Each structure stands twice: as C-alpha cells, then as structure tokens.
Amino acid sequence: HYNSGYNGGRRLGYKDLPMRYELEVSYISALPSALNVNYVNQTAGISGQTSAVVGLINAYFDFPEVIPTLNPYVSGGIGYAYV
C-alpha cells in the first residue's frame, strides 16, 4: 500500500494511415505505507521511497470505420521498467 505519490511523463506519436506509432516515457514515485510478503502483513516500520522509470513503444493498426462513431483497431507494444 502506498501513501501519496506522483507520476509524470511524456508521450510522442506519429500517424501514417493505417498505422499509428507511440513512444512513452514516465517516472513514477510513491511513499510506501504498508508491506505484505506472500499475503502476510509485515509489522516492522515501513520507510523509504518506491520509484520507477518506465518506457513503452506501441503500434496501432486502424481498420476502416464501421460506423462514424466506431473505429476498430489492433494494437501491440513492448515496455521496460527500471524499479
């Protein structure tokens, strides 16, 4: 469980119909408030900080519109996180 924290990042995309591409980098930080290991609560004092740098690369393939408000697509991606 975590107390307050924050998340910040940037996203960059490119559209070349019918394909779309996206690159995302985020930084996540949070202060832990409780800890459990294998579903057993730990009673020792909890302190410190948890942070992660996350990178994602995504690709989307857009199909033709079925109706004006429905645009199906297929997507896939890969990511890496340094925690």
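Colleague: Where is the place of Tyr6?

Modeller: Tyr6 belongs to strand 1. Please bear in mind that this is a predicted model.

Colleague: Which residues make the nonpolar surface patch?

Modeller: Tyr6, Leu12, Leu23, Val25, Tyr27, Val53, Ile57, Ile78, Tyr80 and Tyr82 make the patch, which covers about 1100 Å².

Colleague: Which strands each supply at least two residues of that nonpolar patch?

Modeller: At least two residues each come from strand 1 (2–16), strand 2 (19–32), strand 5 (50–62) and strand 6 (73–82).

Colleague: Let us turn to the rings. What does the count of aromatic pairs come to?

Modeller: The count comes to three aromatic pairs. In one of them, the rings of Tyr6 and Tyr27 have centres 6.1 Å apart and planes at 40°, so the pair is classed as tilted. This pair links distant parts of the chain, as Tyr6 is in strand 1 and Tyr27 is in strand 2, 21 residues apart.

Colleague: Why does Tyr27 count as partly exposed?

Modeller: Tyr27 counts as partly exposed because its relative accessibility is 31%, and that class lies between the limits of 20% and 50%.

Colleague: How are Tyr60 and Tyr73 arranged as an aromatic pair?

Modeller: The Tyr60 and Tyr73 pair is edge-to-face, with 5.8 Å from centre to centre and 65° between the planes. Tyr60 lies in strand 5 and Tyr73 in strand 6, so the pair ties together parts that are 13 residues apart in sequence. Tyr60 counts as buried at 17% relative accessibility, whereas Tyr73 counts as partly exposed at 47%.

Colleague: What lies over the face of Tyr60?

Modeller: Arg20 lies over the face of Tyr60, at 4.6 Å from the ring centre. The charged end of Arg20 also sits over the ring of Tyr73, 5.4 Å from the centre of that ring.

Colleague: Which side chain meets that of Arg20 in a salt bridge?

Modeller: The partner of Arg20 is Asp62, with a distance of 2.9 Å, N to O. Asp62 lies in strand 5 and Arg20 in strand 2, so this pair ties together parts that are 42 residues apart in sequence. Asp62 is buried, with a relative accessible area of 12%, while Arg20 is partly exposed at 25%.

Colleague: How many salt bridges are there by count?

Modeller: The count comes to two salt bridges. Arg11 and Glu24 also meet in a salt bridge through their side chains, at 3.5 Å, N to O. That pair links distant parts of the chain: Arg11 is in strand 1 and Glu24 in strand 2, 13 residues apart. Arg11 is exposed, with a relative accessible area of 59%, but Glu24 is buried at 16%.

Colleague: How far from Glu24 is Arg10, C-alpha to C-alpha?

Modeller: The C-alpha atoms of Arg10 and Glu24 are separated by 5.8 Å, and the two residues are 14 residues apart along the chain. Arg10 is in strand 1, and its relative accessible area of 70% makes it exposed.

Colleague: One last topic. Is Ser29 buried or exposed?

Modeller: Ser29, in strand 2, counts as buried at 4% relative accessibility. A polar contact of 2.6 Å joins its side chain to that of Gln49.

Terms used. Residues numbered from 1 in each chain as written. Predicted model: local features only at pLDDT ≥ 70, side-chain atom pairs only at ≥ 80, totals over all residues. Heavy atoms only, no water. Patch = residues over 30% accessible without salt bridge, like charges linked within 9 Å, V, L, I, M, F, W, Y side chains within 5 Å. Areas by Shrake-Rupley, 256 points an atom, 1.4 Å probe, with all protein chains shown as cover. Salt bridge = Lys/Arg side-chain N within 4 Å of Asp/Glu carboxyl O. Helix = DSSP H or I, 4+ residues; strand = E, 2+ residues; numbered from the N terminus. Phe/Tyr/Trp six-rings, centres within 6.5 Å; stacked < 30°, edge-to-face > 60°. Buried < 20%, exposed > 50% of the residue type's maximum accessible area, 1.4 Å probe, protein only. Lys NZ or Arg CZ within 6 Å of the ring centre and 35° of its normal. Polar contact = N/O pair within 3.5 Å; in protein donor to acceptor, adjacent residues only side chain to side chain.
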